[in-house]
Amino acid sequence: MEKINMKKLIGDNVVVVVLILLCFGFGMSSSTFFSARNVSNILSQMCTNALLASGLTYVIILGGIDISVGSVAGVAGIIAAYAGLMFPDMSIPFAIALLIVVGIGVGAVCGLVNGVLIAYLDVIPMICTLSTMTALRGVAFIITGGQPVYGLADNFAFLGAKRIIPTASMPNGAVPVIVIFTIIVVAFMHILLSRTVFGRHVFAVGSNRNVAHLSGINVRKVTLLSHVLCGITAGLCGVCIASKLQNGQPNAGNTYEMFAIASTVLGGTSLSGGSGSVARAMFGCAVIAVIKTGMDLLQIYSYWQNVVIGCIIILAVVLDMAQKKRQKA
Amino acid sequence: MEPILRVKNISKVFPGVKALTDVSIDFYPGEVHALVGENGAGKSTLIKIISGVYTPTEGTVEYEGKEVSFANPGRAIDAGIAVIHQELSIAKDLTVAENVWLGREIRNSLGILDKAKMNRDTQDILDFMNVNLKATTKAGLLNAAQQQMIEIAKVISKNAKVVIMDEPTSSLSEHEIDALFKQVRILREKNVAIIYITHRMKELTDICERVTVLRDGCKVDTMMVADVTEHQIVNSMVGREMGDYYNKHKHTRGQEMLRVEHLTRKGVFEDISFTAYAGEILGFSGLVGAGRTEVMEAIFGATPIDSGKIFLRGEEVKLDNPAAAIRKNLGLVTEDRRRTGLLLAKNIVENTSLPSLPLHAGKFGFVNNAWERKVTKEYMDKLRVKAPNMYTILSTLSGGNQQKVILGKWLAADSNILILDEPTRGIDVNARSEFYTLMHEFVSNGGSIIMISSEMPEIIGVADRVLVMREGRISGELGEGEINEQSLIRLASITTDEPAA
């Protein structure tokens, strides 16, 4: 009896086990892996991906997908950069507020477009967001003329690049601000999904739209709101990237969607919908971040990293499907 | 004359159900042989055995004098046994000719499709059938009757010797039925044996020579249609012993709960008017496809109506979506538990609270977990749901327990009008009996139940009053003392007999 439970425990938490094994492996092969600086680096690199994954979890639970998140982040970052140029003397609180407002605003508008197309015009999510991904990337290049937006105030970079709470070994601060910001957003997204009626409705729609509809749930509204939420987290990711770089890059966020989808699926959110968790997606993000930095430390050629990430997604999906089949049998 | 096809002592057992018991029938070439019986009498199981979908548990099938055992439907088709299903299998984007030759396309010596020959051959068949259709027309542009002609052309092109037609007239108008019968006669002249499944008594005398009646998986009799009356056939379809396993109780009718006036959705149901009362189980009888489910979905706000009014407790309401209906204390237990009733991958708590969750939400829309657990426990106890605990995943429960969870979900939502669509389908006898008791309790406490059922014994055993639907209309009402199988069949089928006054 106990043995079966142990098996189930590991089965349900594969991603945690993988994470521990990876950390152990990289820790053995690289002396700097567990240094405070590297851990702090991994955490801050995780953040943009974590923001994307927190919103993606919603649409993937619905049985959909949003591959436009990288482009949404790109557009939000550029608009934040232009907005930032208008206030060269901005204070830190003002800079944070500006970034958050732009991130939420741009993200919500993009999410609304996706949501209306998918929920009310019944466009297939994959095709819809593939199209908006392409279109929005075009928009980012049109707005900037293909050139990065430079000349932003130092305070603009506070949210994305600065650290607070200095220690002896890290006099510039041990905790990146972006980590704190991300934790707040992710915590909000996690609680909304796991504790509220709306979250329950997301799971219900993802499990079975017909049942949800006949149980009085407004399926279209739930779908729309989920895409808006996904857009918002993508927008917030975009402004964080802009802040981190202290400029607006038209190419920012490019291909980030693949990492975010990989993280979400690794975190156990089923691509066929109905189950998943924001918190678990964070473990997926950690696995991806550890693999990336680990490969950097081991000086693995960066093109190989894409191959590895691609294979990880395929592996995660195959495992998910195998599990589904087993449940059916 | 030698029979072309004989089934001998066929029995078919599914886990827990005996669908056919010792059935033997001979089918002769050049003859239309009708297969009649209630839903669940075993007709479809029998044709599935003949056409190679199922293998019989006992007994043999003889075709052209030899014992055969088709490994799959493809083998049966190759041998010359074709089925025209009730749901036509037409690829709408392909032409008539492409449909006729689908899967057996004619190729020239280079292995390239010989479209010209396929079109020519198809046109020859269509001309032979004397139907005004072009081989090159897209099938999607044709109506249901014309699409059926494609199926018949397919059968002719295969040189089938046995053709099974499963309720071929169910979606046709009178005029189209005549055209279909003409084709059936052509097939008959080509010495094809036709197995004809129908619910319409009139068609027996119109087109069939012989009729076999099935009841509860057994053959009642095979008769020459000319020798018997419709009445005799109907009588042999019914008449079984019924125990008191329905726990039939007398209920006292209370106030009016739901009144529907002239509800219409064009082409689906028309002019539906009825009243359901508290303290009453109102049965909805009729054949599958008579429009009963569609009416109930419309009342529940799941599908739109073209015209008509709905009154709840005397007050006119507009129910545009299920949420509105749920707020007015309506509950719908759907026909297909797995597809439209339950979140199979979720647990009992999540299923039970689903419709009522928003009404009991805490601040900021948080789920009220304490309420949710309390109400789930309450109804699991009341309805005697057998499960390890309230976090058990629904897919692991038995059909009867799943159905109880659905019932609990509507009781938790304070439903006092419950619409039950085939509530005991796929549930074993004990669970059924228990479910009927729960229905009785609900009605005794002032609730109102509308129960759709295609099983006549169930309607007779459970309902206080019955409405019968036929082809989208209410064809009659039966009160206490009038509910019996003869009346139900008479009202549900299309017969030449005048309905009794």
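Biologist: Why does the radius of gyration of chain A agree with that of a compact globule?

Modeller: The radius of gyration is taken over C-alpha atoms, and the globule rule is 2.2 Å times the number of residues to the power 0.38. Because chain A has 329 residues, that rule gives a radius near 20 Å, and chain A has 20 Å, which agrees. Its C-alpha atoms fill a box of roughly 60 × 50 × 35 Å along the principal axes. Please keep in mind that this is a predicted model, in which local features need pLDDT of at least 70 and side-chain atom pairs count only at pLDDT 80 or more, while totals for chains, interfaces and linings use all residues. Residues are numbered from 1 along each chain as its sequence is written, and chains are lettered from A and ligands numbered from 1 in the order in which they are written.

Biologist: What makes A:Thr255 count as exposed?

Modeller: A residue is buried if 20 or more other C-beta atoms, placed from the backbone, lie within 10 Å of its own, exposed if 12 or fewer, and partly exposed in between. A:Thr255 has 10 C-beta neighbours inside 10 Å, and therefore counts as exposed. This threonine lies in the loop between α11 (219-245) and α12 (256-266) of chain A, where helices (H or I, at least four residues) and strands (E, at least two) are DSSP runs numbered from the N terminus.

Biologist: Why is B:Asn329 called partly exposed?

Modeller: B:Asn329 has 18 C-beta neighbours inside 10 Å, so it counts as partly exposed. B:Asn329 sits in the loop between α10 and β16 (330-333) of chain B, and its phi is positive too, about 65°, although it is not a glycine.

Biologist: Is B:Ala412 buried or exposed, and how do you know?

Modeller: B:Ala412 counts as buried, because it has 25 C-beta neighbours inside 10 Å. This alanine belongs to helix α14 (residues 399-412) of chain B. Leaving aside neighbours within four places in sequence, B:Ala412 is in contact (C-beta atoms, placed from the backbone, within 7 Å) with residues including B:Thr352 and B:Tyr379. B:Thr352 is 60 residues away from B:Ala412 in sequence, yet their C-alpha atoms are 7.0 Å apart in space.

Biologist: How many residues of chain B are in contact with chain A?

Modeller: On the side of chain B, 21 residues are in contact with 17 residues of chain A. The elements of chain B that give two or more residues to that side are α10 (322-327) and α11 (337-341).

Conventions:
Two residues are in contact if their C-beta atoms, placed from the backbone, lie within 7 Å.
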